[in-house]
Amino acid sequence: MASREGSTFKRCGCRDEATGRALGVRCPQLKRRGGGWNPAHGAWAFQYELPRTADGKRRQARRVGLGTYAEAVEGLDQVKALMGLAQGDEEVGVQVADLIQTALAQRRPLPDVEEVRKRIGTGVDVRAQVPTVEAWLKEWLEGKLDLAEGTRASYAGHINKYLVPHLGTVFWKWERSRVRPGRLGERARTP
Ligand SMILES: [Zn+2]
């Protein structure tokens with residue numbers, strides 16, 4: 001059973017020979033006689049009860065087929081850390097859970113905790129596929145193909161030293177008021 005604590009466990013692909021149905025947790029080889037998980041059988045998995053969807057459906061964060069126990073624990077911890085970011089805010093909790101559910105359904109890595117924390121801080125819907133300030137500026141710099149090497153290094157310095165640390169939360173207001181990348185270039189050129 002999934003719970004707010006979550007769980008790690010093992011699953012295999014064995015099927016009932018007669019019915020062809022997956023044995024799931026009933027596979028006799030999954031556990032050792034002593035009771036622990038059999039290290040020579042099945043793959044690791046984790047499961048966690050997420051907040052219900054916006055329309056009230058129950059759902060679990062569940063990933064199977066992991067190579068090690070450590071990977072299962074890490075995945076479960078990351079889901080818990082992500083859900084912890086909502087700090088009890090129901091609406092944000094549902095959004096974060098949507099993000100987790102989508103990543104798992106698409107077999108993508110779980111969302112980065114710091115990135116989601118930043119999104120919550122800016123007040124944007126955390127589900128929106130917005131780049132971080134850093135990623136956005138890096139992309140802009142990479143798009144500037146005609147830059148001399150020294151100029152590029154200087155821009156990169158400005159971005160790392162001033163823009164990324166200081167713009168963080170105000171950046172999306174700029175973006176919404178249509179400050180285009182060229183304008184940031186003007187700023188970077190000013191000593
Ligand atoms: Zn089995």
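Two strands count as paired if DSSP finds at least two bridges between them. With that in mind, welcome to this predicted model, a chain of 191 residues with seven helices and three strands. In strand 3, Arg59 is the bridge partner of Leu50, and that pair is a handy place to start looking around. Along the sequence the elements follow the pattern β-β-β-α-α-α-α-α-α-α.

- The three strands make an open, antiparallel sheet in the order 1-2-3.
- Strand 1 (7-11) and strand 3 (59-66) are the edge strands, each pairing on one side only.
- From one strand to the next, the twist averages 25 degrees.
- Six bridges join strand 2 (residues 43-50) to strand 3 in the antiparallel sense.

**Helices against the sheet**

- Helix 1 (residues 69-84) packs on the sheet and touches strand 1, strand 2 and strand 3.
- The direction of helix 1 makes about 15 degrees with that of strand 2.
- Helix 2 (residues 90-105) lies across strand 2 and strand 3, and runs at about 35 degrees to strand 3.

**A closer look at Leu50**

- Leu50 belongs to strand 2, and its bridge partner Arg59 sits in strand 3.
- Leu50 counts as buried because 24 other C-beta atoms lie within 10 Å, where the cut-off is 20 or more.
- Leaving aside residues up to four places away in sequence, Leu50 touches Arg59, Gln60, Ala61, Ala97, Ile100 and Gln101.
- The C-alpha atoms of Leu50 and Lys80 are separated by 9.4 Å, with the two residues 30 apart along the chain.

**A closer look at Leu76**

- Leu76 is a residue of helix 1.
- Leu76 is buried because it has 20 C-beta neighbours inside 10 Å, and burial asks for 20 or more.
- Its contacts, not counting residues up to four places away in sequence, are Gly6, Thr8, Phe46 and Tyr48.
- Leu76 and Phe46 are 30 residues apart along the chain, yet their C-alpha atoms are separated by 6.1 Å.

**The nonpolar core**

- The largest nonpolar core has 17 residues, and Tyr48, Val79, Leu82, Val96 and Ile100 have the most contacts inside it.
- Strand 2, helix 1 and helix 2 each supply at least two residues of this core.
- Ile100 touches Leu50, Ala61, Val79, Leu82, Leu110 and Pro111, again not counting residues up to four places away in sequence.
- Two of the contacts of Ile100, Val79 and Leu82, are also listed among the core residues with the most contacts.

**The chain as a whole**

- Of the residues of the chain, 17% count as buried.
- Among contacts between residues at least 6 apart in sequence, 55% join residues at least 24 apart.

- The mean pLDDT of the chain is 83, and 82% of the residues reach 70 or more.
- Among the elements, helix 1 has the highest mean pLDDT (97), while helix 7 (residues 181-189) has the lowest (47).
- The pLDDT is below 50 over residues 174-191, and beyond near neighbours in sequence this stretch has five contacts in the model.

Notes:
Residues numbered from 1 in each chain as written. Predicted model: local features only at pLDDT ≥ 70, side-chain atom pairs only at ≥ 80, totals over all residues. Helix = DSSP H or I, 4+ residues; strand = E, 2+ residues; numbered from the N terminus. Axes fitted to C-alpha atoms, helices over the stretch in contact; angles between N-to-C directions. Contact = placed C-beta atoms within 7 Å. Buried ≥ 20, exposed ≤ 12 C-beta atoms within 10 Å, placed from the backbone. Core = buried A, V, L, I, M, F, W, Y, C linked by C-beta atoms within 7 Å. pLDDT = per-residue confidence, 0-100.
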